[in-house]
Amino acid sequence: MSATLSALLGVVAPDWTVAVFESADQVAGESSDAWNNAGTGHSALCELNYTPAAPDGHVDTAKAVGINEQFQVSRQFWSHLVRSGLTDSPKRFITSVPHVSFVTGEAGRQYMRTRYDALSAEPLFAEMEYTDDRDVLASWVPLMMAGRPAGEVAAATRSLAGTDVNFGALTRLLLDAAVSRGVELHTSTRVRKVRRESDGRWAVTVRSGSGRSRTVRTRFLFVGAGGGALPLLQGAGIPEIRGFGGFPVSGQFLRTRSPELVGQHQAKVYGQAKVGAPPMSVPHLDLRLIDGEQALLFGPYAGFSPKFLKAGSMWDLPKSVRSGNLGSMLGAGIANIPLTKYLIGQVLQSTSARFRALEEFVPTAEQDDWELITAGQRVQVIKQDPTTGRGVLQFGTELIVGAEGSIAGLLGASPGASTATSAMLTLLERCFPERMDTWRPLLQEAIPSYGHKLSQEPALLAEVRADTTKTLELEG
């Protein structure tokens with residue numbers, strides 16, 4: 001998010017002085033790191049939790065359309081940056097990978113067919129394919145179909161417009177480009193305190209790895225610290241953060257680098273969460289391309305840690321509980337007892353139980369081919385429901401803007417990085433409304449669909465999709 005904002009400011013305000021502070025010794029080591037997420041480039045092409053079914057069977061496509069629309073915005077901005085010299089090889093951070101949704105059972109097939117009918121009517125999803133033919137499925141996902149019972153009902157959709165995104169590499173490219181145009185990047189430098197001064201500026205106290213502290217003053221401050229954003233915004237004392245809390249969830253994946261297995265699974269495949277399991281538990285088997293090497297990830301297996309970052313403190317969660325959010329935290333806790341039970345079960349899960357979940361996806365899986373790796377921390381947003389006043393757990397992101405637009409921060413997780421460009425465009429609109437008339441033409445040059453809805457303008461959609469496909473080298 002911070003790297004994306006820096007890149008956008010390079011478009012609309014290249015004369016501004018910008019400084020970035022990173023607590024680790026290198027950037028993108030937390031959730032943006034390639035091995036800390038599945039790299040799906042969330043575009044709702046395969047994630048079934050973005051297309052919920054009502055009791056009457058109707059499938060709601062609104063969230064899927066909105067997320068895909070935002071991902072198209074990201075693709076356009078990345079394309080603009082590539083043309084501007086971000087990298088001579090966009091394959092360093094993005095590659096073309098089919099996105100597949102896969103279900104079993106008659107109820108699953110009915111849902112998948114209904115979902116396909118609803119989505120394929122939308123311009124953004126018009127190229128999606130559906131099948132329940134086992135021979136076709138075997139050609140789409142051979143690793144998953146091998147050894148599957150002959151009488152088992154299965155169905156899937158596939159989109160060849162899917163991608164695999166290395167958000168760690170992209171973040172580093174964005175910040176390398178920012179530094180080359182004069183942005184200051186300070187690594188091994190932790191923000192210790194944020195306070196507003198009498199003149200309206202923000203005084204940010206930072207401490208370097210050597211222990212030296214100093215104070216930086218700024219007219220505008222963005223807190224893009226991932227899970228670490230909540231305590232910094234709380235410390236800033238803005239009323240807008242009152243009522244917000246965070247619920248940290250850790251994750252693990254099974255990974256294989258076996259060339260034989262990878263060769264049989266050239267796709268990202270999402271299934272359905274178990275009954276009663278949260279959206280974050282949707283199982284998926286993902287092809288990854290990281291630093292020139294292909295691998296498969298299966299998961300996620302959820303866990304719990306009170307840390308807000310992988311490199312955080314065991315006191316992060318307790319210290320985040322304040323008088324202003326205690327009600328929200330307690331209310332969300334009471335309302336999400338099933339989630340607590342689910343996480344406890346995941347933490348206590350045996351190795352064999354984890355492997356059985358993989359076998360439902362890959363019946364012929366051999367345990368020796370897979371290793372367990374720890375992924376990034378996610379801090380889900382807890383907020384007050386404006387209608388009931390109760391605390392609710394939110395799966396998504398939340399932009400917090402305070403102090404007349406002089407400070408902003410982003411909370412939450414998925415779809416996160418995939419929609420960073422849209423999130424930061426919203427930040428510009430909310431924090432600098434008086435500048436938007438000047439900035440809008442510059443943004444439209446970089447992002448042709450800015451101010452438009454591609455879901456409602458098929459001609460513009462076709463134009464920008466063709467352009468980004470070519471520029472990002474996603475053909476074939």
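Reader: Which residues lie nearest the centre of the second largest pocket, and how many residues line that pocket?

Author: In this predicted model, the second largest pocket has a lining of 23 residues, and those nearest its centre are Q272, K274, P283, E360 and F361. Two or more lining residues come from each of strand 3 (99-104), strand 15 (293-303), helix 11 (337-347) and helix 12 (351-361). The space in this pocket comes to about 570 Å³, and its lining residues divide into 12 nonpolar, seven polar and four charged.

Reader: S159 belongs to strand 5; how many residues of strand 5 are buried?

Author: Six of the six residues of strand 5 (residues 154-159) are buried, so the strand is mostly covered, where buried means under 20% relative accessible area. A154, A156 and R158 point one way, whereas A155, T157 and S159 point the other way, and all of them are buried.

Reader: Which strands pair with strand 5, and in what sense?

Author: Strand 3 runs antiparallel to strand 5 and is joined to it by six bridges, with F102 having A156 as its bridge partner in strand 5. Strand 4 also pairs with strand 5 in the antiparallel sense, over three bridges, and there the partner of Y130 is T157.

Reader: Is T163 buried or exposed, and what does T163 touch?

Author: T163, which has its place in strand 6 (residues 163-165), counts as buried because its relative accessibility is 1%. Not counting residues up to four places away in sequence, T163 touches G39, T40, F71, R75, I94, T95, S96, V97, H99, K268 and L474.

Reader: Why does E122 count as partly exposed?

Author: E122 counts as partly exposed because its relative accessibility is 23%. This residue is in the loop between helix 3 (106-120) and strand 4 (129-131), and it touches T61 and V65 when residues up to four places away in sequence are not counted.

Reader: How do I read burial along a helix, and which residues of helix 10 are buried?

Author: An α-helix has 3.6 residues a turn, so residues three or four places apart point the same way. In helix 10 (residues 326-335), the buried residues are S328, M329, G331 and A332, and what covers them includes strand 12 (245-256), helix 9 (316-320), strand 17 (378-384) and strand 18 (391-394).

Reader: How are strand 17 and strand 18 paired, and what do they form?

Author: Strand 17 and strand 18 pair in the antiparallel sense over four bridges, and the bridge partner of V381 in strand 18 is Q394. The two strands form a hairpin with six residues between them, and G389 in the turn has a positive phi of about 80 degrees.

Terms used. Residues are numbered from 1 along each chain as its sequence is written. This is a predicted model: local features need pLDDT of at least 70, side-chain atom pairs count only at pLDDT 80 or more; totals for chains, interfaces and linings use all residues. Side-chain values use heavy atoms; hydrogens and water are left out. Buried means under 20% relative accessible area, exposed over 50%, partly exposed in between (1.4 Å probe, protein chains only). Contact means heavy atoms within 4.5 Å. Two strands pair if DSSP finds at least two bridges between them. On a 1 Å grid over the protein atoms alone, a cavity is a set of points where a 1.4 Å probe fits but cannot get out, and a pocket is an open set with protein on both sides within 12 Å along at least five of seven lines; lining residues have an atom within 4 Å of a point. Grid points are joined across faces, edges and corners, and a volume is the space filled by probe spheres set on the points. Ala, Val, Leu, Ile, Met, Phe, Trp, Tyr, Cys and Pro count as nonpolar, Asp, Glu, Lys and Arg as charged, and the others, Gly among them, as polar.
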